[in-house]
Amino acid sequence: MEPDKIMNLLPEECKDHFEMLQKVKTKYGWFFNRFALFARPTDGVLVGFGNDDMYYVLIVWDGEGRDLWKPDQNLFD
């Protein structure tokens, strides 16, 4: 899914975090090569696929709140 479409579907309080995640770089280039959003009107999950062939649960939200994962840039060298 395109980042601008994901941005439109994310809750307001998660949009800044998603913008930050799109800018994560390593010495080899961008860390995340694509994102997937699984969302309903009240809850959802944003997953990022990294250049290390792993997937990362980046944002989770529901009616009770949200959880944001922030990468430690030192791990991606």
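Select strand β4 (residues 44-50) to begin: five of its seven residues are buried, so the strand is largely enclosed by the rest of the structure. Buried here means under 20% relative accessible area, exposed over 50% and partly exposed in between, with a 1.4 Å probe and protein chains only; strands are DSSP runs of E with at least two residues, and helices are runs of H or I with at least four, both numbered from the N terminus.

This is a predicted model, in which local features need pLDDT of at least 70 and side-chain atom pairs count only at pLDDT 80 or more, while totals for chains, interfaces and linings use all residues. Residues are numbered from 1 along each chain as its sequence is written, and side-chain values use heavy atoms, leaving out hydrogens and water.

Look at A39, whose bridge partner in β4 is G44, and then at the four residues through which a hairpin joins β3 to β4.

Finally, select K15 in helix α2 (residues 12-22), which is buried at a relative accessible area of 18%. Contacts, meaning heavy atoms within 4.5 Å, link K15 to M7 and L10 when residues up to four places away in sequence are not counted.

Terms used. Pairing = 2+ DSSP bridges.
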